[in-house]
Amino acid sequence: MITPRRLFLAAPGLLLLPRAAHATAEAMAEAVRGFTGGAPVTRGRVTLDISPLVENGNTVPLSVVVDSPMTAADHVRAIAVFNERNPQPHVITAQLGPRAGRAMLATHMRLATSQRLLAVASLSDGSFWSDEAQVVVTLAACIEG
Amino acid sequence: MIHRALMLALLALPALAQERRSGFEDMAPQTQAMQRDDTSNPGMLWALEGEDLFRQPAGPAGQSCASCHAEGSMQGVAARYPAWDTARQAPIDLAGRIAQCRTDRQGAPPLARESQGLLALSAHVGQQSRGLPIAPPADPRLDAARVQGAALYAERRGQLDLSCAQCHDDHPGRRLAGSIIPQAHPTGYPLYRLEWQALGSLQRRLRGCMTGVRAEPFAYGAPEYIAIELFLMSRAAGLAVETPAVRP
Amino acid sequence: MARVLINVPRTAARGEVITIRTLIQHLMETGYRPDANGVVAPRDIIRRFTCRYDGEVVFQAELSPAIAANPFLSFTTVATRSGVVEMSWEGDNGFAQTETRDLTVT
């Protein structure tokens, strides 16, 4: 039988991941290099939409839209999302093409804590474009064990 | 008679203090959007499962819920619970009624409190009252439990020595750490709580509040929870049912 | 079988860009989460989602533990011709599920 006090003390551990286990700016840069192969990434054409203030990091809606005609000659090949302070820098990588019609991706993600997010798009001409967002995760008072 | 007067007095307090509002109003626009859109509300996964379970035969006679309850006949039902259970001579909540139907009428194995099946069926039945006003029955046999619920709500408990009312009546709209304190109207249960990453019942939420103030929570299905629910539903009378809601 | 909620229009005009939304019931256990006794639960996530339509993969996603429980995905595709839209989820511990929806293109 777990006592209520035990539950209460254990609760923060469920919300916050172990402090040492988060990614870093370098780890995120490395993960981005894995996606781009080291090619330069230009800010623009990508819109990363996520709430700047998040009330619970467990399920955070986000969407990425890339400005592209999505034709056979000019389209987005892939969209990837990275983060700086979750245990792993990678969030999601989507492969798409002209059959998508629009370069759009929406999902729900987890945020261990306040941090910077980066969305990178890989285009058919070999260029890479990005957008970033700074997100603040507020701490909930009432969390359950 | 004394009970009734006391109850009305207790009910009048929060209503006088401020305009009643669902916790939905206090959520971030993104969380509101998640609830509004059934295709992104994860609670719909449970409601959908409940729809299947409702039609699925269980027990030796091969009866399903739908064998007795016609399609659409559950509309408005969740808005009227807890109700009086004549067989047990006690108030019963919706999940309790579903579980009772299953064992006593279908003769099927019991569905435990907070089990996936019971949550799914409760969500499916609750969803059919969506948008309808909470309408507690006027049954005087429920009065004693409602008064008990009001007393439990006002009673200080736990190592923090806090009552429900001290947060939810005295300080709604203000922040406790990063969270807005809601008025505690149970409009959307069972609901998908982002913290839980799952669907859960009002009893689970009440247990969370109790461990939060470091009190010993009542066991699942305890009459105290049903009494509190009776009181809260009276207090929320007229607000729209949102099941399955989303909350942070 | 995990419960899924899929939103694909039943009909679409040829050339129309349609939006597909999917939810699937899955814990997405991160592999970093300690339980009440301090024991870390092993990772159990959906790693890949694939959508095939009209004989081709039109959308594919690789998921990390940073994707929320009960994964939600929304994306678009061009309605080319009537056929089956097939969606598959694959993950740890042999998780595999495929769902199909018919799309009529007019």
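Trainee: At what angle do α3(B) and α6(B) pack?

Mentor: Helix α3 (residues 43-55) and helix α6 (residues 116-127), both of chain B, pack at about 95°, with axes 7 Å apart. Axes are lines fitted to C-alpha atoms, for helices over the stretch in contact, and angles run from 0 to 180 degrees between N-to-C directions. Helices (H or I, at least four residues) and strands (E, at least two) are DSSP runs, numbered from the N terminus. α3(B) is therefore roughly perpendicular to α6(B); angles under 35 degrees count as roughly parallel, over 145 as roughly antiparallel, 65 to 115 as roughly perpendicular and the rest as oblique.

Trainee: Before I go on, what kind of model is this?

Mentor: It is a predicted model, where local features need pLDDT of at least 70, side-chain atom pairs count only at pLDDT 80 or more, and totals for chains, interfaces and linings use all residues. Residues are numbered from 1 along each chain as its sequence is written, and chains are lettered from A and ligands numbered from 1 in the order in which they are written.

Trainee: Back to that contact. Which residues make it?

Mentor: On the α3(B) side they include Trp46(B), Leu53(B) and Phe54(B), and on the α6(B) side Leu119(B), Ala123(B) and His124(B) are among them. Contact requires C-beta atoms, placed from the backbone, within 7 Å. The residues of this contact divide into eight nonpolar, five polar and two charged. Ala, Val, Leu, Ile, Met, Phe, Trp, Tyr, Cys and Pro count as nonpolar, Asp, Glu, Lys and Arg as charged, and the others, Gly among them, as polar.

Trainee: And how do α7(B) and α10(B) pack?

Mentor: Helix α7 (residues 143-154) and helix α10 (residues 223-235) of chain B pack at about 90°, with their axes 7 Å apart. So α7(B) is roughly perpendicular to α10(B). Arg146(B) and Tyr153(B) of α7(B) are among the contact residues, as are Ile226(B) and Phe231(B) of α10(B). This contact has nine nonpolar, three polar and two charged residues.

Trainee: Is Arg146(B) buried or exposed?

Mentor: Arg146(B) counts as buried because it has 29 C-beta neighbours inside 10 Å. The cut-offs are 20 or more other C-beta atoms within 10 Å for buried, 12 or fewer for exposed, and partly exposed in between.

Trainee: Switching topic: how many residues are in the largest nonpolar core?

Mentor: That core has 121 residues, and Val66(A), Ile79(A), Ala94(A), Ala103(A) and Ala121(A) have the most contacts inside it. α10(B) gives the largest share, eight residues. A nonpolar core is a set of buried Ala, Val, Leu, Ile, Met, Phe, Trp, Tyr and Cys residues joined through C-beta atoms within 7 Å.

Trainee: What does Ala121(A) touch?

Mentor: Leaving out residues up to four places away in sequence, Ala121(A) touches residues including Val66(A), Ile79(A), Ala103(A) and Trp129(A).

Trainee: How many helices and strands are in chain A, then?

Mentor: Chain A has two helices and nine strands. Of its 145 residues, 46% are buried.

Trainee: And in chain C?

Mentor: Chain C has zero helices and eight strands, and 38% of its 106 residues count as buried. Its C-alpha atoms fill a box of roughly 60 × 20 × 20 Å along the principal axes.

Trainee: How many residues of chain C are in contact with chain A?

Mentor: 24 residues of chain C contact 34 residues of chain A. On the chain C side, β5 (56-63) and β6 (72-78) each supply at least two residues, and the side divides into 16 nonpolar, five polar and three charged.

Trainee: How many bridges join β6 of chain A to β5(C)?

Mentor: Four bridges join strand β6 (residues 90-95) of chain A to β5(C), and the strands run antiparallel. Strands pair if DSSP finds at least two bridges between them. Thr93(A) has Glu62(C) as its bridge partner in β5(C).

Key:
Two residues are in contact if their C-beta atoms, placed from the backbone, lie within 7 Å.
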